[in-house]
Structure formats: C-alpha cells, structure tokens
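Please walk me through this structure in plain terms.

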Amino acid sequence: MNDLRLPPRAGEVLERSSPVTFTWDGRSYTGLTGDTIVSALLANGVQVFSRSFKYSRPRGVLTASFLDPGCTVQVGDEPNVRAGHRQLTPGIDVRPQNVWPSLRFDPRVANQAVGRFLTAGFYYKTFMRPQRLWPAYQHVLAQFASGGRTSPSAEHGDYDKRYAHAEVVVAGAGPAGMAAALAAARAGVRVMLVEEEHALGGHLRWGGATELERLAELRAAVRGEPGIEVLVNSVVTGRYDDNWLAILQRGLPHVVERLIKARAATLVVAAGLIERPYVFSGNDLPGVMLATAARRLINLYAVRPGTRAVVLTANTEGDLAAADLLGAGVDLVRVVDARRGEGITRATGRGRLRAVELFDGSRVDADLLVTSTGWTAPTSLLNMAGVAPVWDDTSARFRPPEDLPDTVFATGGIVGDGSLDELLAHGKAVGTAAAARARGGRPAPVTALPARPHPALFRSPTHGFVDFSEDVTSKDIFAAAQEGYDSSELVKRFTTATMGPSQGKLETVNTVAVLAEATGRDVGQLGTTVWRPPYAPISLGALAGVSFEATRRSSIHAWHQAHGAVPLVAGQWIRPDSYGDAVAEARNVRCNVGIIDVTPLGKLDLRGPDVPKLLNLVYVNKWSKLAVGSVRYGVMCAEDGVVFDDGVTGRLEQDRYLMSTTSSGAAAVWEWLENWLQTEHPEWQVHVTPVTTAYTSINVAGPRSRELLSRLVDGVNLEPDAFPYMHVRTGRIAGVDECLLWRIGFTGELSYEIHVPASYGLHVWESLLEVGDDLGVAAFGVEAQRILRLEKGHLIVGQDTDGLTKAASAGLEWLIKLDKDDFVGKAELTWASELPARAPQLVALLPTDPNIVPAEASQIVREAERIGGRITSSRRSPELGRAICLGQVDPDLATSGTVVTVQLPDGRRVEATVMTELAFVDPPGERLRA
Amino acid sequence: MPDMTFAPVARSPIQPQDQLEVVGGWEVSRRRSSAPLLLQDLTPLAKVLVRARPDGQLAAALKVPSGRAERDVNGTLVVGSGPGEWTMLAATGKAHDVIGRVHAIADDALVSAIDITHGRALLRLTGADAPHLLSKLCPIDLDDTVTPDRAAFRSSVAKLTTDVVRDDRATSRSYLLHCERSSGLYLYQTLLEAGKEFGVEPDAFLDFDE
Amino acid sequence: MLILDCPHCGPRNSSEFRHAGTSRERPDATSVTAEKWRDYLYTQQNAAGWVRENWYHAMGCRRYIAIERDTVTNRTRPSDARGATPRGTDATVGTSADSNQETAT
C-alpha cells in the first residue's frame with residue numbers, strides 16, 4: 001500500500017482484504033474491491049487519464065463521478081467507459097482513449113499553438129467549401145473524433161429489457177429521495193427507488209459521523225420496507241408521456257445492461273445537485289478538481305488527492321472539503337474564501353498543476369486546487385415533463401418552478417437547500433403526496449424548500465474551459481457572441497458547448513453565464529437550453545436489446561424446408577418461393593397438377609343475417625343474390641375509389657360466409673370491416689372472425705386436379721355439373737372432416753382451393769402427394785404462381801395497381817355496379833365515370849422481341865420524352881415461350897394494338913403492343929371452367 | 001369415393017420433441033420436467049370463440065365479464081376475452097359439445113360459436129417466476145392487485161397479440177397464453193429464450209381432465 | 001408513451017392502438033357534392049387543443065374507441081361519449097402493424 005491510500009475511513013466503500021489486479025495503458029496495477037478505475041489509479045499515483053478532444057491537453061480528475069469529462073476510457077472491447085464510476089473487476093484491461101500515439105506524448109498538442117484556427121465555428125467556416133472536398137474533410141475530421149474503438153470481432157454481450165410498474169418512482173436516492181420512497185411505501189403504494197451511484201445515500205455517503213449514522217438508519221429503513229424495489233447503479237434516463245420512464249440498469253450478473261420500461265403513476269425527481277466547475281485559465285490542469293470530487297476520493301475511496309492544496313470555497317461543501325483535506329494529511333496551504341471577496345486568477349503548470357495565482361497577486365505553489373463555487377440543479381427529468389427551470393439570483397442557480405405537472409414531484413437539493421432534517425422532512429412530505437396522487441387523491445401542496453443565498457461565481461478575470469468534453473473556452477463564447485450568436489441555443493450549436501458526453505450537466509450554466517457576461521445581459525434573461533432524453537448515456541445494445549419480430553408459418557412449413565424450398569419473406573410470413581425450378585413447377589400445373597400452400601390468404605368467417613349488407617357496402621359489385629354454395633369475386637375500394645383489396649367470398653350456409661382476402665391485406669380488411677360495423681352500422685348483425693390460420697389452404701391446380709382430389713374427397717360430388725366453377729362445397733378430405741373446397745382459379749387452370757383444419761394441413765398435403773404420384777402431382781411455389789397468374793392476366797392488388805388506381809382503371813369496370821345504394825368508393829367512382837378517363841389504365845403488353853423481359857417498373861415513354869406508364873408485372877411465359885407483361889399506360893395508349901416504347905433499366909428501348917385482353921393464356925376461360 | 005383409408009393425425013404448430021404419444025388424435029409429447037418454470041403446449045385443447053351481445057341473454061347466462069375467467073359446471077374455462085366475446089377452453093375433442101351447449105342458451109340476438117381449436121396455439125406457463133418472465137415481454141402489470149388469479153387480458157407479448165389468462169395451479173402461479181396458430185412456434189420459442197435465466201423447460205401435454 | 005384509457009380494457013399503452021383519425025361525420029355519399037366529399041376525405045383541421053379522436057384497439061379488444069386528446073399537451077381523457085359508438089373514423093385504410101413504438105427514446 002503506497003502513501004496515497006489513506007488509513008481506513010468511516011464511510012469508505014473498499015474491501016481492504018480484497019485486492020484487484022488490472023492493467024492500465026499496458027501496465028499492471030493493483031486496487032481494492034470497491035474502487036472505481038479512477039480511484040484505484042489515483043491511489044497508484046496516476047493522474048492523467050485522457051487527452052482532450054481538440055487540443056489534446058492532458059486531463060485528470062474533475063468530478064470523480066460518472067460525469068467526469070476527463071475520465072472516459074476503454075475497457076477491453078468496451079469503449080467510452082466512465083472510469084470515475086466503473087468499479088474495478090479482476091483482470092480488466094483498461095486503456096486510455098483518444099491518445100495517439102500515447103497518453104504521455106501527443107503531437108496534437110500543437111493544436112494549442114494554432115488554437116485560433118480551432119475557435120468556435122472553425123469547422124463550419126473551414127470545411128464548407130468547396131463541396132467536392134467534403135470527403136477529404138471527412139477524412140481529416142475523423143482523426144479528431146474522440147471515443148474508443150469497437151472491434152468487429154468483439155463478442156457482443158447480452159442485453160435485456162423488461163417492463164415495470166410502480167405507483168411511485170423516485171429518481172435519486174439521496175436523503176430526500178430515500179425519505180420520499182419510505183413515506184410513499186408506508187402509504188401503501190409500490191415504489192421503485194432508482195440510484196445512479198453504486199449505493200444509496202447521495203451526499204451523506206461522503207459526510208461525517210453524523211451523516212453516516214443517519215445514512216445507516218435510512219438504509220435500514222429502506223431495506224425493511226418490502227414495498228420499495230431498490231435499483232442501484234441505475235438511472236432514469238428519460239421521462240415520456242404519462243410518466244413512461246426509461247430506466248437503465250447496469251452491473252447485472254447476466255447481462256451487460258438492461259433497459260426497464262417503467263410506467264409510474266407519479267414520478268419524484270430527487271436528482272440532488274451537481275457541483276459546477278469554475279472558469280479560469282488552467283482550470284483543466286490535472287490537479288484541479290471540485291470539492292465534491294476531493295471529498296468523494298478521501299471519504300469513499302480513502303485516496304489522498306494531492307499533497308499541497310489550495311481550496312477556493314464559496315459554500316459549506318468547500319469548507320468541508322478543506323476540513324477533509326486536513327484530516328487526510330494534505331498540506332492545506334491556502335483557503336480562498338469567495339464569500340469574503342477573495343478569489344483566484346489562474347492556475348499554472350505544464351501537464352499538471354504547479355501554482356495558483358490569487359486575486360491579491362500572490363502565487364501559491366500547489367499540486368491540488370479544489371474549487372467549490374456553485375451548484376447546478378439537474379432538472380432534465382422535469383424538463384422532459386414540460387417544466388422550464390427558472391433562474392434564481394439568490395442561490396445563483398436554475399431551480400424548478402413550484403408549479404409542477406400533476407404526476408411529477410421534486411424534492412431534495414434540486415428544489416432547495418436545508419439541513420438534513422429539513423431535507424428529510426421535505427422528502428417525506430413529497431413522498432406522501434406522491435403516493436396520494438398515485439391513488440387518485442388531491443393532496444395539498446408541499447411547502448417549498450427554500451434555497452440559500454450563494455454568491456454568483458462563474459468566471460475569474462481569465463479565460464478557461466467552459467466545456468471540458470468539447471474543449472470550448474469562455475473565449476470561444478465571447479467570440480460567438482461577437483459574431484451575433486446571442487442566445488443560449490444558438491451558442492450551444494455554434495460552439496458545441498454542452499454537446500459533449502456530459503451533455504451540459506457541468507457546462508450549461510457556465511455557458512449561459514459567460515454568454516450573459518459577453519452580451520451584458522442576465523443569466524435569467526437568457527435562460528437555459530432544453531434538456532432532452534437521455535439523461536445518461538445508453539448503449540446501443542441496451543436500446544436494441546432483444547428485438548422481437550413475430551414470424552408466421554403455415555402448418556406445412558417444415559415440409560417446405562425439408563424439400564428445398566427457397567424461402568420468401570412476405571410480411572411476417574415465410575413462404576416457399578420455389579422448390580428450385582419455378583418454370584418447371586409452372587409447366588407441371590399446365591400439364592398435370594400442382595399443389596401450392598396458400599395458407600397466408602386472408603380468411604374471414606362472416607356470420608349473421610346482415611352479411612349481404614356488409615358485402616354490398618365494402619365491395620364494388622352486388623352480393624344480395626349470392627346463393628348458398630356459390631362464390632363470387634369482389635374488389636374493395638377505399639373511400640377515394642382506390643382499389644385496396646380483392647378476393648372471393650362464398651356463401652357456405654344461409655347466414656354464414658367465408659371471405660378471402662389477399663395475403664398482405666388480411667389484417668387491414670378485418671379492421672376495415674370492423675370499422676364499418678362498429679362505427680357506421682352498429683345495428684347490423686354480423687360477426688367477423690379471422691380464421692386465416694385456422695385453415696391450411698392448398699390450391700390444387702391443373703387439368704388433373706379433379707382426378708387427384710377425387711381420390712381423397714369424401715361426400716362431395718366433384719363432377720363439373722354438380723360442382724361448377726365459382727362454387728363452394730364442404731366435405732371430408734383424406735379423412736379430415738369439415739374441409740372447404742372452392743372451385744376457383746387464380747392460375748387459369750381447373751383448380752380447387754381447399755381449406756382444411758390447420759392441424760391436419762400437413763396430413764392432407766402429404767396425402768395429396770402420395771395418392772397423386774401417377775398423375776404427376778408436384779408442389780409449386782409463389783414464383784410459379786406469379787408466372788401462371790400473369791399468363792392468365794390476373795392482377796395483383798398493390799403490384800398491378802397502386803395508391804392511385806381507381807377500380808375502373810384496373811380493368812375492373814365490368815365489376816362496378818354504380819346502380820347499387822351506397823358502397824365504399826361509390827362517390828368517387830361515379831364522378832370518375834362521368835369524365836373522360838385520365839388515369840392510367842391496366843393493359844396487357846406483348847414485347848415485340850419475345851426474348852426481352854422488361855424489368856418490372858420499367859417506364860413506358862412517349863413523345864417528347866414524357867412518361868406514359870410503366871410495366872407492373874413481367875415474366876417469360878413458359879406456355880407461350882416469350883416475354884409477357886402487364887402495365888399501366890395513359891388512357892390514349894390503352895387501345896388494343898397500340899405500340900408503346902418501354903425504356904429498360906439499362907437505357908435500351910424496346911417496343912411492346914397493347915393487347916385486347918389481359919389474359920395471354922385461355923382468354924375465354926375454358927380451362928378453369930372445365 | 002376414395003378407396004384409401006386415412007388416419008389423420010392432428011399436429012400443433014409446435015412440433016413435440018420426444019416421448020411422443022397420440023392423445024385424442026393429437027401428436028403430443030409426454031416428457032415431464034421438474035424445472036421450477038414449465039412451459040406446456042396445450043394446443044390440442046378444444047377452443048371455441050363465442051360472440052353475442054354483451055348485454056344479452058347468453059352473457060347473462062355465462063356470468064363471466066370481460067377480463068375474467070371462470071370454470072363452468074362442465075369444467076370448461078370460460079374466458080371473457082372482450083366485450084361480447086368469450087373464449088372457451090375445454091378438453092381435447094370437446095369443441096362440438098361446447099358449441100352445442102352455447103347454442104342451447106336462448107338469445108334473441110345473433111350468437112356465434114366458432115371452433116377455433118385449429119386456429120390458435122395455446123401454451124401454459126407455470127412457476128413462481130412466470131410473472132417475471134412475462135414482464136420481459138408484456139407491458140401489462142402482473143401484480144396481484146392488478147392481475148389476480150382468473151384475470152384475463154389481451155395485449156402484446158413479444159410484440160405478438162396474445163390472450164393471457166391467469167389460471168393458477170394448486171401451488172403455483174400459472175398463465176395460459178394463446179395466440180394465432182401461425183405464430184405459435186414464435187411465441188413458444190420466445191418464451192423459452194426469455195425464460196433461460198429462470199430455468200424454464202418444456203413440460204408434457206396434459207389434457208384438461210387429466 | 002401515451003396511455004389511452006380504453007373503455008373496455010382500461011388504461012393501455014398507445015402502442016396497442018392504431019390512430020383512426022379525428023372524429024368526423026361521414027357525409028351521405030349518395031347526395032354529397034364533390035367539394036364536400038373531398039373536404040371530408042382530405043382536409044384535416046389539425047386543431048390545437050382538445051380534439052375527439054378515434055383509436056382502434058388492435059392488440060386488445062379490437063374495438064374502435066373515442067378518446068379526447070389535447071394536441072398541445074398530449075394529455076388524454078375519456079370522450080364525453082365514453083362507451084358510445086365512435087363515428088366517422090378515418091376513411092383511409094390502415095393496418096395496425098405490431099410496430100415497436102415502445103422503445104423509450
């Protein structure tokens with residue numbers, strides 16, 4: 001043990017008997033269990049932890065906490081670790097960041113010499129023109145980027161998320177926060193107490209005997225209250241609408257970090273106070289630190305922060321720091337009391353503090369300068385609740401206004417000052433009120449905690465750093481003001497002050513105060529910048545966490561996989577695109593018989609006496625006279641007349657229908673029907689039940705489909721007269737009862753769509769293949785189906801139509817019945833029918849060169865290089881042995897026989913002829929009616 | 001007429017791994033586990049979706065409001081799964097019985113009872129850590145004061161719309177979860193993955209009356 | 001994230017719902033003028049203050065519900081017509097994707 005480690009302190013968090021060995025910058029060091037990386041290194045005589053962002057100045061300890069701007073390090077593969085907060089663990093490999101080529105020597109120190117180039121706005125002015133050099137500038141600027149390194153091969157850890165619910169969440173577990181949590185729990189509500197540090201207690205932890213005694217009592221009380229869930233090393237990083245809180249939990253055994261999404265009825269913000277650095281020349285030298293830092297190092301980590309100290313104090317904390325330094329055996333050479341008008345001018349030294357110059361002109365040799373010149377209330381969470389902090393001249397800090405939103409409370413130092421008893425009393429009163437509010441009560445307002453007077457101290461007569469992370473000085477802010485950036489928000493963006501890793505917690509007030517000085521205004525007039533989430537940095541891992549994305553599979557999925565299916569991800573569904581040769585699969589359907597798994601087709605069970613009214617409303621065609629056992633094709637439009645889904649609906653029984661939708665439209669159509677039933681026609685008696693995956697749906701298509709099915713179907717006469725095209729039957733298939741058979745044909749062949757109870761889907765599928773071997777039955781995938789339907793000229797909604805395609809322009813004019821009573825889209829379709837067609841029309845196109853298949857979305861160009869349409873679908877037709885297309889063309893190009901010019905993606909142009917009908921194969925439909 | 005005899009076997013979307021047995025026409029696993037947290041695939045149970053007016057005679061006869069679940073005299077678990085909507089869970093193969101009983105209750109308005117056995121996957125999660133596992137996936141407050149035994153709700157579980165029924169066993173917390181069949185495997189695998197830290201294991205299928 | 005107090009399910013995260021537009025009366029499509037109809041289809045008031053909105057509880061009861069929301073503060077309260085049928089939901093087609101709106105950032 002070297003002499004920098006003090007004898008045991010009453011409040012220390014160290015386990016003296018448990019040394020921890022680790023490496024720093026390649027060398028081995030030993031600390032103690034309970035040490036942070038910073039305290040362990042300080043105890044070993046290390047004082048420089050990083051090089052600054054712009055000027056590469058050596059930086060040491062400033063706050064000795066999470067916020068410490070100079071103490072960001074790399075631990076193994078993990079960059080940007082806050083060494084003032086992270087506890088030592090055995091064997092960790094800690095390295096400095098942003099130090100090329102080494103921590104001790106850094107050529108960029110030369111930047112200081114050229115400092116005038118790097119003043120505020122340097123980047124904006126220097127790297128703007130010419131634009132062609134931006135890539136080069138990017139390369140240069142990348143050298144300046146601070147931050148650690150991640151390795152692509154680094155093992156990514158596990159992150160976690162969970163939801164939590166508490167009536168009261170208390171953010172901050174200092175004395176007031178603990179008192180609030182206790183009072184709320186004793187009022188009978190569930191409480192979550194969240195503390196950023198590793199232990200409860202706030203400033204009591206580095207206090208004297210009295211504070212430690214009271215802390216022990218408070219901790220025991222919290223432990224004894226089962227209604228309080230305590231989270232340490234955790235931080236409320238964001239407050240969103242209705243007290244939706246993001247809480248980051250660190251230091252867990254199984255995961256790197258966990259993001260808790262907590263819903264609180266009331267939020268108590270007890271974030272305490274953050275000590276504010278003082279601006280003077282040399283204020284970033286290693287050896288210059290805040291009073292709270294010195295007190296934490298001495299009392300929590302038993303580290304002597306220096307040997308010869310000057311203390312600049314304007315408050316009790318500074319006085320207590322001076323006392324702690326004396327108690328730690330530090331030579332306290334001068335206490336400069338700002339309350340008596342004393343002050344310091346500058347600190348000097350090369351690479352570390354050597355001397356301090358005082359207002360009286362004297363120069364004091366010292367290796368430690370402790371400042372205690374004021375406080376900042378970290379009001380972030382209150383800001384996020386819509387509360388703007390107000391400048392208080394008396395206490396020289398921004399404070400939250402007394403009037404807070406109903407569900408948000410504040411207590412402790414963030415609100416005001418007081419003795420420990422006063423803080424505890426305020427916390428208790430606020431906790432009680434928060435619990436009452438959480439239970440819907442209207443508690444009386446809690447008497448405010450007043451703030452004590454404090455001298456307004458921001459800057460000495462010299463210029464120093466305002467933002468240590470971003471290397472922004474008070475001189476930069478004066479320069480910015482001179483250039484006209486005269487508001488807090490503008491100066492922030494121009495100088496980047498407050499935009500570094502500590503996000504303004506140390507810097508904001510000094511930035512505003514220096515700007516006020518530079519522009520001759522008051523701090524209160526300027527106001528603070530707005531604090532937004534996150535309050536503390538969150539790793540991307542915690543945000544991403546475990547990501548959930550539901551997938552959907554049919555009952556036949558495992559079979560598809562086992563038979564070489566190429567997977568097609570269609571929304572949430574995973575479908576077989578093909579089993580290797582889509583063209584052969586399509587040919588087999590035309591010659592023999594194929595089966596395709598069409599389970600994702602939306603299926604809605606419609607029941608009730610008013611189903612025909614619903615169908616008449618949502619489809620453009622007529623449904624009143626659909627007989628039991630029949631099915632009909634229908635198209636749905638939105639209120640603007642644009643096609644949004646199509647499908648067939650069959651009448652199974654008197655009051656029972658089955659509607660099918662497109663696979664991608666299944667959810668939307670269901671909500672659409674519910675919308676009309678619930679909001680416009682609640683009097684209609686209809687029940688809509690989605691049964692999409694209650695059935696496994698298989699299309700059996702091809703000239704031999706009837707023969708194949710006849711070997712499996714029981715109880716249904718499949719003969720053409722008994723079961724004609726566009727009809728539906730119920731029967732038994734391969735021993736499975738309650739199967740539905742529709743005689744419809746997307747492929748253009750004789751085909752049956754069978755819907756079997758999903759648990760038997762695989763059984764029926766395998767039975768079809770088994771009994772149809774001699775018929776040449778084979779599975780086909782989505783791609784083969786696309787080829788077949790294109791040959792038949794069947795459109796796909798959303799591919800051959802778009803967000804502007806009204807039903808009439810999609811070749812569906814024959815379907816629309818404008819003589820119906822109201823139906824969705826009728827008004828627009830009626831007006832459209834009264835005017836000459838202006839919208840593009842869907843037509844079939846035959847490319848002149850049979851061997852060129854124009855890519856889908858190829859433009860159709862017309863005279864004067866105007867666009868006259870586009871190809872919506874294209875394939876090589878196995879049946880015709882040539883290219884075929886569907887496309888949307890201007891109405892004047894839609895006449896049969898018109899030759900249009902298609903521009904291919906590579907710029908070549910080919911010709912195509914507009915056909916009379918959409919179908920290329922079997923236009924009269926003899927095959928599917930066979 | 002087909003000249004072959006078929007012996008159809010019903011299968012859950014969650015393929016059982018070992019100790020396979022056919023129970024009530026369904027292929028299930030009978031492998032028991034003694035882990036502290038158990039996940040069972042109960043998909044073979046009969047499931048019937050009933051719709052009627054929330055203020056009609058059927059609702060009055062069922063006496064189960066939305067958000068609650070109760071067992072009726074036949075042992076059917078009647079879940080009030082929405083306004084005017086009930087999900088009934090019964091032993092394997094009993095869907096038609098349940099539908100028959102529903103239609104036997106007179107109501108002057110439209111009543112529909114649909115067998116959704118094949119349209120849903122049904123899981124049971126049992127063990128003291130069940131609420132802790134669910135709180136990783138589901139935003140609903142599972143505290144006793146909010147979601148006591150026999151509470152029912154539909155919400156998001158791992159971003160999947162899922163019906164959850166708290167149906168405690170004699171000695172431990174237990175939740176029934178059912179979702180749309182095609183996502184059953186997703187839900188099952190997600191629960192197993194998220195439950196690793198609690199030692200979750202698959203457990204054998206048990207019919208309602210077993 | 002907002003809480004919406006569903007009259008059927010109680011308070012739930014807004015990510016369970018799909019916003020279905022501000023409540024409006026659907027004109028009678030058989031007699032309406034084109035101008036009025038298109039005003040209904042495309043013109044949004046986008047009022048600052050309390051508005052009555054419809055939401056579809058996609059991951060819950062699957063009911064369309066009416067909620068009042070202050071578009072300035074984002075506070076919500078049950079609609080005056082609580083439990084009553086919401087009218088004039090958004091005429092555009094929508095799907096409630098199971099989208100991840102829950103990430104708290």
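In this predicted model, helix H4 (residues 184-194) of chain B lies across strand E3 (37-41), strand E9 (120-126), E10, E11, E12 and E13 of chain B. Helix H4 runs at about 145° to E12(B); axes are lines fitted to C-alpha atoms, for helices over the stretch in contact, and angles run from 0 to 180 degrees between N-to-C directions. Contact means heavy atoms within 4.5 Å. Helices (H or I, at least four residues) and strands (E, at least two) are DSSP runs, numbered from the N terminus.

The 6 strands of chain B make an open sheet with mixed pairing, in the order E10-E11-E12-E9-E3-E13. On average, neighbouring strands are turned by 30° against each other, direction ignored. Strands of a sheet pair through backbone hydrogen bonds, either parallel or antiparallel; here two strands count as paired if DSSP finds at least two bridges between them. Strand E11 (residues 160-166) and strand E12 (residues 174-180) of chain B run antiparallel and are joined by 4 bridges. B:Val164 has B:Leu177 in E12(B) as its bridge partner.

Residues are numbered from 1 along each chain as its sequence is written, and chains are lettered from A, and ligands numbered from 1, in the order in which they are written. Local features need pLDDT of at least 70 and side-chain atom pairs count only at pLDDT 80 or more, while totals for chains, interfaces and linings use all residues; side-chain values use heavy atoms, with hydrogens and water left out.

Chain B also meets chain A: 45 residues of chain A are in contact with 43 residues of chain B. The two bury about 3,700 Å² between them, 56% of it on carbon and sulfur atoms; buried area is the accessible area (1.4 Å probe) that two parts lose on being put together, summed over both. In chain A, A:Phe548, A:His687 and A:Ser759 lose the most area to chain B, together 19% of what that side buries. The rule finds 4 salt bridges across this interface, a salt bridge being a side-chain nitrogen of Lys or Arg within 4 Å of a carboxyl oxygen of Asp or Glu. A:Arg552 and B:Glu180 form a salt bridge through their side chains (2.5 Å, N to O).

Chain C touches chain B as well, with 13 residues from chain C and 10 residues from chain B in the contact. Chain C and chain B bury about 1,100 Å² between them, 48% of it on carbon and sulfur atoms. The count of salt bridges between chain C and chain B is 0.
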